[in-house]
Amino acid sequence: MSEPLVALRGLAVDFGGAPALRGIDLAVAPGEALGLVGESGCGKSVTWLAALGLLPGRARVTGSVRLGGEELLGAPPAVLDRVRGGRVAMIFQDPASSLNPVHRIGRQVAEALGLHGGLRGAVARAEARRLLDQVGIPDAGRRLDAYPHELSGGQSQRVMIAMALASRPELLVADEPTTALDVTIQAQILELLGALRRETGMALVLISHDLGVVAETCERVAVMYAGRIVEEAPVGRLFERPTHPYTQGLLGALPPLDGPRRPLAAIPGGVPEPGAMPPGCAFAPRCTQAEPACAAGVPEAVAVEPGHAAACLRATRDLVPA
Ligand SMILES: Nc1ncnc2c1ncn2[C@@H]1O[C@H](COP(=O)(O)OP(=O)(O)OP(=O)(O)O)[C@@H](O)[C@H]1O
C-alpha cells in the first residue's frame, strides 16, 4: 500500500475491565474504499469512535491512530475537533436523529459549510444547493427550505452525506449508512457513496454487518470478530478464498444473488460480550472446525497470500506470520 492516510496500530479499548477492542491494526490508503464487517457487537463502531476521540471519558484507549503521519490518540481536543468534520467525516445509521428537526435543511447544510469552510449567507446557501444536487436530491433549490420530517429516510441520508462533504473530507467513515433503509434505497445510497468517492478522491470506510453491502462498494474488506480483525483481503479474494471460519460463516449467511430467497444460514451462537471473552480464539466456541489448541492462545494474523491475512490457527498453521 502507498503511504496510508490513516493507520491504526494496536488500537485497544477497555470499558472498565471489559476489553471491547483487543489490538486493531488497520490502514486506509488515500482514496481507498475499505469495508469493515462483522456481526453486531464485534467492535466496528467502537474502532472508529475510538480513532476519532468520540468515546466517553471512562473508555481507556491505547495504541496509535495516525492521520497523515499525525498522532491522534491523546491529541488535544482542538486538534481532534479540527480533524472531525474536517479531514475525516462520519455518517451514521439513523440520519433522522442526526438532523435537527426544527431547522430547515438548507440552514443545516449551510451551517456545516460555515463551520468548515467559513462560508456565510448567500454563498453558503448556493454551495448548500450545489451539495444537495451532488448527492442527488431532486429539486435541490426548493428542498433547501424543507424540514427534516418532510424528507424520506433515503433523502435524509443524502442530506447527511451532503453535510459530511461540506468539509471536503479525505476520509468518510459511514457506519451502517443503509441499514435503516429499504433495499432499493440502500442500493442507491451505496451507489452514491461509490460515485462521490470517485468524483472527490476521498477514502471511504464502510461499516456494515452485511458482507454483500461491502462487496458492492469496497475494494478491500476487514472482517472483525470480538474486538479483533480476523481476516483482511481484497474483496474478490475474500469471496474466492475465505480462510477464517468466521468469514466462511458470514459468506454462508449471504442470500444467493439470483434465485429464490431462502432463510439465511446464520452462524449459531452470538458474539461474546467484552467482559466474557473465551480464552484463546474468541470464535472457537462457535467454530465448527475448532480443535483443543484453539483455546490455548489468541491466533496471530498470518499471510495467506499477498494482501490477504487471516488469524486462525487451523487455517494458517503452515503459513508465515503476516
Ligand atoms: N460506551 C460504551 N460503554 C460500554 N460498552 C460499550 C460502549 N460502546 C460499545 N460498547 C461495547 O463494545 C462492544 C462493541 O460495540 P460496537 O458498537 O463497536 O459493535 P459493532 O460491531 O459496531 O455493532 P453494532 O453494529 O451493533 O453497532 C459491544 O459489546 C458493546 O456493548
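The model is predicted: local features need pLDDT of at least 70, side-chain atom pairs count only at pLDDT 80 or more, and totals for chains, interfaces and linings use all residues. Residue numbers start from 1 along each chain as its sequence is written. The protein chain has eleven helices and twelve strands; helices (H or I, at least four residues) and strands (E, at least two) are DSSP runs, numbered from the N terminus.

**Overall form**

- A compact globule of 322 residues would have a radius of gyration near 20 Å, and the 20 Å of the protein chain agrees with this. The radius is taken over C-alpha atoms, and the globule rule is 2.2 Å times the number of residues to the power 0.38.
- The C-alpha trace of the protein chain spans about 65 × 50 × 35 Å along its principal axes.
- Of the 322 residues, 43% are buried, that is, they have 20 or more other C-beta atoms, placed from the backbone, within 10 Å of their own.
- Among contacts in the protein chain with a separation of 6 or more, 61% join residues 24 or more positions apart. Two residues are in contact if their C-beta atoms, placed from the backbone, lie within 7 Å.

**Domains**

- The domain assignment gives domain 1 (1-87 + 170-257) and domain 2 (97-166); such bounds come from an automatic or database assignment.
- The centres of domain 1 and domain 2, taken over C-alpha atoms, are separated by 26 Å.
- Eleven residues from domain 1 and eleven residues from domain 2 take part in the contact.
- On the side of domain 1 that touches domain 2, helix H8 (residues 183-200) gives the largest share, five residues.
- That side of domain 1 has eight nonpolar, three polar and no charged residues. Ala, Val, Leu, Ile, Met, Phe, Trp, Tyr, Cys and Pro count as nonpolar, Asp, Glu, Lys and Arg as charged, and the others, Gly among them, as polar.

- Four strands form an open sheet in the order E2-E1-E4-E5, with antiparallel pairing; two strands pair if DSSP finds at least two bridges between them.
- Strand E2 (19-28) and strand E5 (70-71) are at the edges with a single partner strand each, so one side of each has no neighbour in the sheet.
- Seven bridges join strand E1 (residues 6-15) and E2 in the antiparallel sense, and Leu11 stands opposite Ile24 in E2.

**Ligand surroundings**

- Ala20, Ser40, Lys44, Ser45 and Val46 come nearest of the 15 residues around the ligand; a residue is near a molecule or strand if its C-beta atom, placed from the backbone, lies within 6 Å of it.
- Helix H1 (residues 44-51) supplies the largest share of this shell, three residues.
- The shell around the ligand has six nonpolar, six polar and three charged residues.

Definitions and conventions. Buried ≥ 20, exposed ≤ 12 C-beta atoms within 10 Å, placed from the backbone.
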